[in-house]
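Here are some notes for a colleague opening this structure for the first time. Please read them with the model on screen.

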Amino acid sequence: MKARVKVDQELADLIPGFMDNRQSDISCLTTALQQGDFETIRVIGHTLKGIGGGYGFSAITDIGAAIEQAAKEQDIPKASRLTEALKNYLENVEIVYE
Amino acid sequence: MSILVVDDSSDSRALIKVLLKEKGYSDIILAESAAKGLEFLMTQTAEGRCKVDLILMDLVMPDMDGIEACLKLKQDEMLKDIPIIMVTASAEVENLDRAFAAGAIDFITKPLKKIELLARVRSVLKLKSEMDGRKAREEELRRLTSLDGLTGIANRRWFDEFVDAAWRQGMRNKQVISLLMLDIDCFKFFNDNYGHQAGDECLKSVARAIQSVVSGPFELAARYGGEEFAIVLASSNLKNAAEVGERARLAVESLNIPHSHSPVGACITVSVGAASVVPSMETTSKELIKAADDALYSAKQNGRNRVCTYDINNK
């Protein structure tokens with residue numbers, strides 16, 4: 001399902017870098033999930049929560065907050081599902097600058 | 001307006017920078033850690049000034065977090081007045097409590113909302129600029145109340161404060177303090193002969209000459225009253241004081257201001273009395289002033305244009 005997100009025109013130059021960083025987050029999350037490294041998962045979740053909405057991606061903030069919570073609860077299956085959800089979201093999001 | 005942004009997330013830093021720049025704040029400094037931010041500020045203070053008007057500080061950061069950095073800044077005399085807005089993704093009451101206790105002036109929650117960020121930055125910068133204005137006015141007021149209007153060197157009021165402080169410190173550290181009283185020789189004849197305007201010019205030149213022999217935070221040259229000046233040396237013994245007195249005497253003499261009615265010589269000269277004491281409960285600063293006055297009297301009695309000394313501790 002395509003999610004359409006409105007992003008401030010002035011942020012256009014930052015978006016490619018922002019998206020690259022999210023791909024790194026996903027690989028870090030994947031590794032951390034395999035190793036059961038909850039601290040790394042929590043930190044990434046916290047960062048996603050903090051930045052997503054600022055760029056206009058409130059879904060990233062929501063997923064980040066849920067990942068942070070899952071890490072605190074040491075819930076690997078939940079954190080994995082959320083990482084998958086983040087990946088899907090990033091693959092399908094459609095950005096409209098305005 | 002210069003704003004320092006301390007945040008470990010590159011996405012946060014980039015976002016804040018773009019939003020602030022777009023609003024016209026052109027001088028944005030980015031730091032990726034509290035340590036880097038502090039380092040930047042310290043480099044500035046080492047150069048004697050800090051031009052940062054506002055710090056946006058992320059609360060949760062690895063190693064040193066925003067709270068700890070805030071506490072460190074508030075301990076630094078030159079940095080403690082820079083307002084800090086805490087930026088935090090965890091708006092838990094406990095965190096905000098700690099942030100305000102550490103000295104933050106405001107906070108913004110992540111994810112950042114452009115309107116909120118800009119509104120808070122604007123209001124804190126406005127406050128900062130008003131605080132700076134008030135500080136400048138206070139400094140000006142202090143200057144006006146502590147400097148002598150004619151000569152521009154310290155006035156009697158500052159002299160009294162300086163002596164009091166030096167006295168207390170000398171008492172604590174059992175350290176000798178010295179006082180010199182300087183009086184322009186036969187100044188009345190000068191005024192009578194050349195007029196009061198020439199007298200004023202003479203006082204200004206003599207003040208500059210006397211000022212030129214003191215330096216550093218432990219020494220003060222002041223106009224004591226009329227044609228009398230004083231030098232306080234908060235950590236010098238009588239021998240050093242006599243040397244400073246001699247330098248002042250020479251400095252005035254080499255101004256070479258004609259004084260045809262002086263019984264001393266052809267130009268303006270000063271007599272100098274120096275006294276020293278280690279402050280204690282048994283003495284007061286008044287006794288030191290009295291001793292320096294007595295030494296000045298001796299200098300006058302012994303032909304003027306000279307330095308005499310009086311050692312209270314070895315009478």
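1. B:Met61 touches B:Val6, B:Asp7, B:Asp8, B:Ala34 and B:Gly66, leaving aside residues up to four places away in sequence. Contact here means heavy atoms within 4.5 Å. B:Met61 sits in the loop between β3 (54-58) and α3 (66-74) of chain B. Helices (H or I, at least four residues) and strands (E, at least two) are DSSP runs, numbered from the N terminus. B:Met61 is buried, at 8% relative accessible area. Buried means under 20% relative accessible area, exposed over 50%, and partly exposed in between (1.4 Å probe, protein chains only). B:Met61 and B:Asp7 are 54 residues apart along the chain, yet 7.3 Å separates their C-alpha atoms.

2. A word on the source. This is a predicted model: local features need pLDDT of at least 70, side-chain atom pairs count only at pLDDT 80 or more, and totals for chains, interfaces and linings use all residues. Residues are numbered from 1 along each chain as its sequence is written, chains are lettered from A and ligands numbered from 1 in the order in which they are written, and side-chain values use heavy atoms, with hydrogens and water left out.

3. Next, helix α6 of chain B. An α-helix has 3.6 residues a turn, so residues three or four places apart point the same way.

4. Look at both ends of α6(B). B:Asn155 caps the N-terminal end, with a side-chain oxygen 3.2 Å from the backbone nitrogen of B:Arg157. After the helix comes B:Lys174, with a positive phi near 50 degrees. B:Lys174 is in the loop between α6 and β6 of chain B, and is exposed at 67% relative accessibility.

5. Which other residue has a positive phi of about 50 degrees although it is not a glycine? B:Cys186 does. It lies in the loop between β6 and α7 (187-194) of chain B. B:Cys186 is buried, at 14% relative accessibility.

6. Check one peptide bond too. The bond from B:Lys110 to B:Pro111 is cis, with omega near -5 degrees. B:Pro111 is in the loop between β5 (106-109) and α5 (114-146) of chain B. Most residues other than glycine have a negative phi, and most peptide bonds are trans.

7. Now the cores. A nonpolar core is a set of buried Ala, Val, Leu, Ile, Met, Phe, Trp, Tyr and Cys residues joined through side-chain atoms within 4.5 Å. The largest has 48 residues; A:Ile41, A:Phe57, B:Ile3, B:Leu20, B:Leu56 and B:Val121 have the most contacts inside it. Helix α1 (residues 15-35) of chain A gives the largest share of this core, seven residues. Apart from it lies another core of 29 residues, including B:Leu182 and B:Cys202.

Note on methods. A polar contact is a pair of N or O atoms within 3.5 Å; within protein, one must be able to donate a hydrogen and the other to accept it, and residues adjacent in sequence count only if both atoms are side-chain atoms.
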